[in-house]
Structure formats: C-alpha cells, structure tokens
Amino acid sequence: MNKSLRTIAVDLTPVLPGGENGGAKIFVLELLRHLCKIAPQTQFILLTQSLSHDELAYLDGPNMRRRMVVGPKQTNSLRQRLIESFSRLAPRIHVKLPGIVNYLSEKLNTMLIQVGSGELLRDMGVDLLFCPFTSPTYFEPGIPTVCTIYDLQYKTYPEFFAKEDVSHRERTFLEACRRATALAAISNYSRDSAISSANLNPARIRTIHLRMAQRIPYDVTYEKDILNRLGLTQKRYFLYPANFWKHKNHEMLFTAFGMACHDGLPADIKLVCTGSPGERQEWLMRSASMMNLADRIIFPGFLPNADLAALMAHCTGVIFPSLYEGFGLPVIEAMAAGVPVACSNTTSLPEVAADVAILFNPRIPSQIAQAMILLLEDGALCAQRIQSGRKRALEFSDTELMAREYWELFEYSLTNEKHENLMTGAFADGWSGPILKIQIAPSKCAQTLEIEFLAPDWLPHPRLTVHTTKSGKKLGTPLFFNRGASAVLSLPLEPGGGFYEVKISPFFVPAKSGLGNDQRELSTMLKRCNLLYDNGEIVQLFPDKLDI
Amino acid sequence: MHIGFDISQTGSGKAGCGFFAHAMIQAMLELAPEQRFTLLPSFGDFYFDALMPVINPYSGKNVQYGPRHLSRENARTFWNGTEAEALLGKPDIIHSNNFWCPAQPLSSRLIYTFYDMGFVIDPGWTTEANRVGCFEGVFRSAMLADWVVAISEASKAHYLSVFPYFPKDRIRVIFPCSRFGDSSAMGTRPNSLKNIPEGGFWLNVGTIEPRKNQRRLVEAYSGYLAKGGSSMPLVLAGGTGWLMDDFKQYLMELGIADSVIMTGYVSDEELIWLYRNCYANLYPSLFEGFGLPVLEGMQFGAPTLTSNAASLPEVAGKAAILLAPEDVNAWTQAMLQLSANRADRDYLGTLALEQAASFDWKRSAASLLDLYQEAAGSPKRSFLL
C-alpha cells in the first residue's frame, strides 16, 4: 500500500541544542520515535545542522538516520553575524521568544540555507518532505511536502512581537500554505485560523492534536523537597506553569490574585509562577512586592522536570490565564497529574480543556479571582473535574495514535499532489540562485514561459549562459548575455505542463568575491518570470506577490 | 516648579483623554504663569499622532516643548531608554494623560491620569490591541505612579477595587471640564437637520458603539413611537464605531429607520446647536469614567436623561432623570412622560444649567496644581525588591 513512501526527509535543521526550541522540539522528537516504529519499511532521513546534529544521535536506528545539511563553518560565522544584525534590528527581543517554536533561531537557519543549490531531495530519492517546524525550506517542486502549523499568534497580537519577527512569521506561514501538499494543525483553533487567514482549501489541512500528555509522568514517590525549599504547603498554592511572555498575561493574573487576597483568600494561599529568570521575571517580582504580595507570589525560576511534576501534583489547582495558545499542553499535563484546572476561554483552550476545566475570560480579573476561589473551596466540583480530567488526559496521551494520524496525512499527500504553477530558486530581493525550478500546471491554452534577466555590470563574470531542461532533457539552444545587459528567455511549453529547470552559470558568492557579507550563491538579477497564455492571461511567478 | 505634561492626544480628532489634557493645560497656563511647563507632544509608544510634531498648540514665555518624534519607533527608543528623564531636564513632575505609563523616574514625581477601566468590565467594548495597551498602562501606574488622578469618584473606587493595595492617599479625583469655553454660544445647525424644528428632536451624542448602548436606546425609542409618543425624530450625533456595522439594518428591522437621523461626526459648533435645541439629551451609556456629553449638554441647558451606572450619577447630580441602562421599558416610559409634559422638560433644563455650573475648569486646574505641589513636597513611592 505504502510502496511509494519509501523515503521521507524530515527537516530538523531548526532544532537547536537544549531547550531553546520550547515545546515543539519535544513534540517533534516524540513523534519521530513513533513514526519510525509504525513504518519500519520506510527510511527516514533527518536533515540536521551541525549545532544539534550530535544531540540527535539517539534517534538513529535501522530506518532512521541523520544527514547534516548545514555545516559548522557556515553556521558559526554567518550565524554570529545574523544574530548581531538581528539584535540591532530588534533591540527589544530577548533570547527567548514567545510561542511553541523559537522562530528567531529558525529564521537564522532559514537564512543560512543556500536555496536553489543542488537537488538535495531528488538526489536522495526522497518521496516526501516533512517540515515539522513549519518552514518548507528544502521544498523541491514535484516532491509532496507536509508542514505543521502551530499558531498564528503574530496575527492576533502583533504588538507582542518585533516588526521583523511578524513579517518573518507571516512569510513562513504563507510559504508553508503554498508549498505544502498538506498541512497539519495542532488544534482546530489553529486550523480554523489558518484556513481563514490564508483562504486555504480546508481539505488540505487536518487537525492532529498533540498527544504526549505523559511527558512528565506523575509519580507519587516524588520528593516534596521542592515544596519545602519554596516554603509551600501541599494543596495551599496555585500553579501557573508558563514562561514570562506577554501573552501569558501575568499582570492580569497578579491583579486577580491581588483582588482575591483582598477579598479574603486565606493568608497562607500562594501563587507559584514558574518560568525562566530574566527582565520580565524581575519586573513581575518587583510588581508582586509593590502589591505587598512578595511573600505570596513565588518565582522558583527554571525547574527540572521532576520538580515541576512535584509542584504540579501537590498544588491546589493549575491556573492558566493565557491570552493565546495554539494548543495549551500544560492544561493536559495538569489533568494527567490529577489536579483541577482553571483556564482561559479563548483560542485553543476551550477545545483542549473541553468541559473539564473551569473556564474564565482572561481579560476580566474578577472572573479569574472567582475561578481561584472555586479551585480552593469547591471540593465537590474539583473532585469531579479531577476525575474527568484523568480521562481527558488519556485521550491526549496516545503518541502512537498521533503518529498514525501523521502517517495518514503523508499518504494523503502522496495521492493528492497539487499541480500548480510555481517557481523556486530566486530570492525576494530579486537575485536568482544558480538554478530556477519551475513547476507548470497542465493547461488547455498554449502557454509560454518568459523570464527577463538583468545582469549588473559589476558581476565578477563577463558573460552568462542559461540552459533550460525538462525532466533532465535539454531544450532549445542556450541563451547568452553579457554583464550590464538584460535578456529575455522565451520558452514555449507543452500543454501537459511539467517540471522545468533553468540553469544559469556561472554563479558567484559575494562574500568570496570581496562584495560584502552575503554568503548566498547568486547568478544574476531576475526582473520577472511570467506565464503567458494564448488567451492573453498572464500568471506572474516572480516577483512573488505572496512574499511580503 | 518644572512640570512635564503629556499633550500627545490633544491633536485634531481628540477624544475624551485629549479633551482632558487640553482643558487642563490651557487652564494651568492661565492660572500659573510662574510655573515652567515642558509640553510633551510625544509620550510613550502606545499612542502616536504623526501630526503632533508639527504643531505648537500652546504658547507662553514659560512654555517649552519636549522631543518631537516623527515615528512611533523613534518615540519608543526615546521613552523606553534610560535617559528620558534627564533629557527632559529632570522635571519636578511628569504627568501622563494617554494611558501609557513610563518607567519610574529617579527624581521626578510621576502623575498618572486614570480615566476608566471599562475594558475589565466588558473587554468587548474596545479592540483587543487597545485593551492590551490600556491595561498595561493602568497596571504599570498601580506599580509606578507617585500619584493617580481619577476623573470621578466612581473611577477612583473602581481603581482601588482592582488594585486594593494601592495607597489610598495617593489617588485624587479631579473632574474634567467641558471643552466649550463660552456657554452663551448659539452654535450652528447641521445641514442634515434642516427641516427639524428647534426643540423638536431627541438627541444622543457619542460614537455608535456597544458601550454607549444605542441599540437599547433605539429599541426604547421604537417602543415610545409605538405607544403614541409625539413623533419627534431621534438624532444620533457621532461616527459609527466598534462592532456596529449592522446598526442601520437593526433600525430597519425596528421599522424606525425614517425617524432616526444619523449625522455622523459633527463639529463643535454643530454640537452646541444640538445641545441647545434638543427636546432632551438621552445618554444611556453602560459605563463611563466621567460622561462629558452629559456635562456639556447641561452647559447649554439640555434636559437630560442618563444612566445610573458608574460615574454618571456624579456628573448628573439631581439635575437629570437617572435610569438603569439595561431597562429598555423604563426609558420608553420616561420618554413618553417627558414628551407629554413640557413643563417638566423645561424645569430639567433649568436644573441642568445649575448643575453644569458646579464643574469649573479653573477649580479643576487649581486642584491639579495643588496636587503637583504636594507631590513635589512628599517622598516618591519606593519600588524596590
């Protein structure tokens, strides 16, 4: 049945060492462990970068191997420069960015990859490309591609991101929508957001929930050391497991907690906010002190999983007032740990929490305060919610089921290839790499491909040559032109469409030619690339209107 | 004293916050020529008016202007930098009027005007982006401001209920005042009301949006017509705002589209004419920090029906008929009674003029100057770990 899914490439180049990728990395690696088990006949090639290549060695197996595609040399020097230039552009960005995927690091990696050089996937005989970190960086026309979409927070809350970051996320999202044969969304909420904002055909995007609730297994033998160290008593504190990102809404939670304390919440009840130390934590700690709540709001800083599990297992309840989630994993983790949950009634949270959590509007502090009082005082309600929560958590713990859902999506992509006009190999700034790859849809009209090149007069090479091939076969005579000149390639196409390549030689790397820092392989500037139909219709493939 | 005063929202197209800052600075410049003022056309990165850098709205020997920023990014860099206080010349007072709250100054006393927090009552009353910025500003003020100026007792009480730990002796009520200096002005009839007799229409002033409650108002008005109320039209003076795209459709459904006149945005002159010549000013708002249309209407003798919610009873005093804003039938009944009883209506007009006189911009500005003196002479709130 799956004869044709013999080789799957998985783009893991966005993976960074340690915890820098947030929850997405944990999800992706779990998914891969199960995918290779349920498809033993399929070869999985993990595309990696040098920074995390070794760390991922444990994934190696009979049908899974790594292949480093971004090497150390490029990574070190260019990465450093990109980080520097990025921090100049966005001085307010801190190391950690909100969201389940760390897009800053992903951006760096995307920029490092030399788009258009070689035919990585075709050479490896890849049948499908899977991009679990959204960006279809290694997309090649003709190879079915599946991307995972996490959330579109940058659309709802652009003010929580640097401007640069918003446009990068937008581009990544649009590229995924256009290039991917099929998409996976981690919740119905994310799926609906994607469909409405990119006008997607709903058949192309499926919800595949995160199913990994047992990531931090609850174990009664956990030491309560952490409680003693933090001065906490069992069942006398609320827990908010979240980093200090703005959309996590800590100021509102503190306001609500302040109101509840004022309205008679017993004096020994505390609020614990996990999350990494940094500027935001410092501000929130000072705020807690201005509210005379310094001894009631506890900031334990970074915690190992076992400590976090112990904190969760022994709390009065988890309170989760986030303004935006693509999924909301901590809600499921709390249910698995057998503690009651109160969470926001927005974005993906009602879908994930279903009727188990106490829901509140995260913009109304009196509602959050009311929810805390219910968690503390309504024993019967909480007991019932704990019971239904355990069942709910079980539904979200079957990682193998999640892997099967992905496998079905891969199969769907194989049989539902999109046949549309598209081109890769050129950059948004107008430069072309050494090879343009063009996929042409079948058409009833006669069609012509027209590409206009413009060679700056300072190119290192005096003369350029353009060869065109279709499925490896040379077409027509080569086109020659000199630097300082422009030239138009006009190519009549077959009605059945197909896959064309336009090779432009020679190419150069500006950084190696003493022309600045640019590390890309470039051939010439591209003014436009159009498809002309004999009925007068024109389809513009470049400049790319979607690349904002 | 050297006073840094945020005038960022006083440009053209100003709303409530802009009118407050505008009236206060005008009055203070007149009352206190001995004080030095640095007016701040740019203040923070939440509100940005691209036209502010090119105008000098207030002048005087004792007036200078703070930095003028041509883009929001420039404003952000300046105000989020650590040098802002020093670059402003370390004023004794820095007074925020646009919801944004700066970092705590080292020596300047930070004064923060608090208008209202309707957005924690019903977040749907504003856009999410605006709610995020406003809440951030108000929360920061509760941490960082040395003094908070509330524009009504109701606003002050709400602030203290949301931030119960805020020192109660550091928040003071200073009422805004009418934007209209000349109470004898006659105003100009709007073109859209050419054929309407003076004293022959109901009036509602304000952007058409959920918080202003015009949906229930037109429902009450339709009940009033159905029950035989005299056929005066209802004039809605204000632009169409937030989430009200289907408002006209709603008027059609009620069958009163022909009796409701929507003027759109009106000029100050036209507004004066409307207040002066309405049969009564109807203001059923669900929530207000103050309620300027009530005070401004009263200034021109408009008989007033308003809501009993939030700050409105304070503004209206005993000079208006107060009704629950959700009780459509009560509004219908009150309109029927008032339309049938001209003498009652005229008496309300007399009371309105008296009530309006109890709000005086000089008194508000003088108490703001007193507050500055007191703030400069008392210690800052400490913000330490």
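User: In which sense do β11(B) and strand β12 of chain B pair, and over how many bridges?

Analyst: Bear in mind that this is a predicted model. Strands count as paired if at least two bridges are found between them. Here, β11(B) and β12(B), residues 304–307, pair in the parallel sense over three bridges. To find the spot, look at B:L282, whose bridge partner in β12(B) is B:L305.

User: Which helix makes a β-α-β unit with β11(B) and β12(B), and what is the hand of that unit?

Analyst: That's helix α10 of chain B, residues 292–299, and the unit is right-handed.

User: What joins strand β8 of chain B to β11(B)?

Analyst: Two bridges do, and these strands run parallel. β8(B) covers residues 202–205, and B:W202 stands opposite B:A280 in β11(B).

User: Are the residues of β11(B) buried or exposed?

Analyst: For burial, count neighbours: 20 or more other C-beta atoms within 10 Å makes a residue buried. In β11(B), residues 280–283, B:A280 and B:L282 on one side and B:N281 and B:Y283 on the other are all buried, which leaves both faces covered. Across chain B, 47% of the 385 residues count as buried.

User: How compact is chain B as a whole?

Analyst: Its secondary structure comes to 14 helices and 13 strands. The radius of gyration is 22 Å, close to the 21 Å from the globule rule for 385 residues, so chain B is as compact as a globular protein of that length. The C-alpha trace spans about 65 × 40 × 40 Å along its principal axes.

Technical notes
Residues are numbered from 1 along each chain as its sequence is written. Chains are lettered from A and ligands numbered from 1 in the order in which they are written. This is a predicted model: local features need pLDDT of at least 70, side-chain atom pairs count only at pLDDT 80 or more; totals for chains, interfaces and linings use all residues. A residue is buried if 20 or more other C-beta atoms lie within 10 Å of its own, exposed if 12 or fewer, and partly exposed in between; C-beta atoms are placed from the backbone. Helices (H or I, at least four residues) and strands (E, at least two) are DSSP runs, numbered from the N terminus. A crossover is right-handed if, with the strands pointing away from the viewer, the path from the first strand over the helix to the second runs clockwise. The radius of gyration is taken over C-alpha atoms; the globule rule is 2.2 Å times the number of residues to the power 0.38.
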